[in-house]
Amino acid sequence: MRSITVLSGGIGGARFLQGLLHALDTGRLPGVERDAVVTVVANTADDLWVHGLKVCPDLDTVMYTLGDGIDPERGWGRREETWSVREELAAYGVEPTWFGLGDRDVATHLVRTQMLEAGYPLSAVTTALCRRWLEPVHGDRVRLLPMTDDRVETHVAVADPDSPSGTRVVHFQEYWIRMRAEVPAETVVCVGLDQSSPAPGVVEALTDADLVLVPPSNPVVSIGTVLGVPGVREALRATAAPVVGLSPIVGGQHVRGMARQLLTSIGVEVSAAGVGLHYGARSQGGLLDGWLVDSGDADAVPALEAAGLRAAAVPLMMTSPGATADMAAAALDLVAP
């Protein structure tokens, strides 16, 4: 194997990618060349415009993490960040005050916005930004692709007794950051998703891969949005590569983020089996060949296998690059001939 494609959200996907690259470096993936190319197809439905700047949280989290510029404590944003710009904007009373742009991070958004306004598509802008972050560390071994060049934004409907309709729709980032996902999500709407098309290279990354991995990113607003780009599901179903996913639900709870709130909003059981069955087996018209659950969810394996998925229970907590490398090795082992 010389080509691995990973569908990714932000923090969870980025940490899984760290472990995957560690597994390649240490030869933990039998049958995979150590210099195999890893292509990341990242969610862009979290993107938003803030203070006139285009912000792409998941693209930047992957880029900073793999480029060794991420804040390791927060898991997002730049290391050794300062916040003078945010403080000055707040002093002027400029909204939104709940979304802060770090002083170092703002440079990325300025460059991205200038290039977009000059007519470059997001995929070309991302390639340009990665020349700073990924090429010095990984050479041409890692490619980062946005899922689409088109504008797609995830919005969440929540109850609002003061609204005539009884409902208010907010951008996903507001739901997550300002509201802290403490209000039940009634509906998730991805504006523009149905009219989008895959960014250059996305379909080929799936159809030409030797292995496709779906890390434990949010099934609704990270992986779900990537899968919702017209043509992506079809490419996954058509690829000759095995497709393996890893559960973001451990012991009936999401490890990070808000999978519980959002899975509930689309009627999916909040369990390792529930998410695996939501993706479904390719042999039954779904998307996966294999699904890994945590050791504590081993009782889910029979139901998954009955639904046509190869399944196994292994430790799924990404406590270190080594532990995550073991997860990547288990995913490969699940579909090995």
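## How α1 crosses α2

The crossing of α1 over α2 is right-handed. This is a predicted model. Helix α1 covers residues 11–25 and helix α2 covers residues 57–66.

Which residues make the contact? From α1 come Ile11, Ala14, Leu17, Gln18 and Leu21. From α2 come Thr61, Val62, Thr65 and Leu66. By class, the residues of this contact are six nonpolar, three polar and no charged.

An α-helix has 3.6 residues a turn, so residues three or four places apart point the same way. Ala14, Leu17 and Leu21 are among the α1 residues that meet α2.

What span should α1 have? It has 15 residues, and at 1.5 Å a residue they should span 21 Å. The C-alpha atoms at its ends are 21 Å apart, which agrees.

Helix α1 is mostly covered, with eleven of its 15 residues buried. The buried set is Ile11, Gly12, Gly13, Ala14, Phe16, Leu17, Gly19, Leu20, Leu21, Ala23 and Leu24. Ile11, Ala14, Leu17 and Leu21 are buried, and these four also take part in the contact with α2. Just after the helix, Gly27 has a positive phi of about 65°.

Val32 sits in the loop between α1 and β2, a strand of residues 37–42. Is Val32 buried or exposed? Its relative accessible area is 11%. The cut-off for buried is under 20%, so Val32 is buried.

Beyond its sequence neighbours up to four places away, Val32 touches Met1, Ile4, Leu24 and Leu332. Leu24 is a buried residue of α1, and Leu332 is a buried residue of α14. Ser3 is 29 residues from Val32 in sequence, with 8.4 Å between their C-alpha atoms.

## Helix α14

Helix α14 runs over residues 321–334. Its 14 residues reach 20 Å from the first C-alpha to the last, close to the 20 Å expected at 1.5 Å a residue. It is mostly covered: ten of the 14 residues are buried. Among them are Gly322, Thr324, Met327, Leu332 and Leu334. Ala325, Ala328, Ala329, Ala330 and Ala331 are buried too.

What do the buried residues of α14 pack against? The partners are helix α1 and the strands β9 (211–214), β10 (243–246), β13 (290–294) and β14 (310–314).

## Leu236, in α10

Leu236 belongs to helix α10, residues 232–238. It is buried, with a relative accessible area of 1%. Leaving out residues up to four places away in sequence, Leu236 touches Leu7, Leu206, Val212, Leu227, Val243, Arg282 and Leu287. Val111 is 125 residues from Leu236 along the chain, and their C-alpha atoms are separated by 33 Å.

## The pair α4 and α5

Helix α4 (residues 105–117) and helix α5 (residues 122–133) cross at roughly 140°, and their axes come within 10 Å. That makes α4 oblique to α5. The crossing is right-handed.

Methods. Residues numbered from 1 in each chain as written. Predicted model: local features only at pLDDT ≥ 70, side-chain atom pairs only at ≥ 80, totals over all residues. Heavy atoms only, no water. Axes fitted to C-alpha atoms, helices over the stretch in contact; angles between N-to-C directions. Helix = DSSP H or I, 4+ residues; strand = E, 2+ residues; numbered from the N terminus. Left-handed = near helix turned anticlockwise from the far one by under 90°. Contact = heavy atoms within 4.5 Å. Nonpolar A, V, L, I, M, F, W, Y, C, P; charged D, E, K, R; others polar. Expected span 1.5 Å × (residues − 1). Buried < 20%, exposed > 50% of the residue type's maximum accessible area, 1.4 Å probe, protein only. Parallel < 35°, antiparallel > 145°, perpendicular 65-115°, else oblique.
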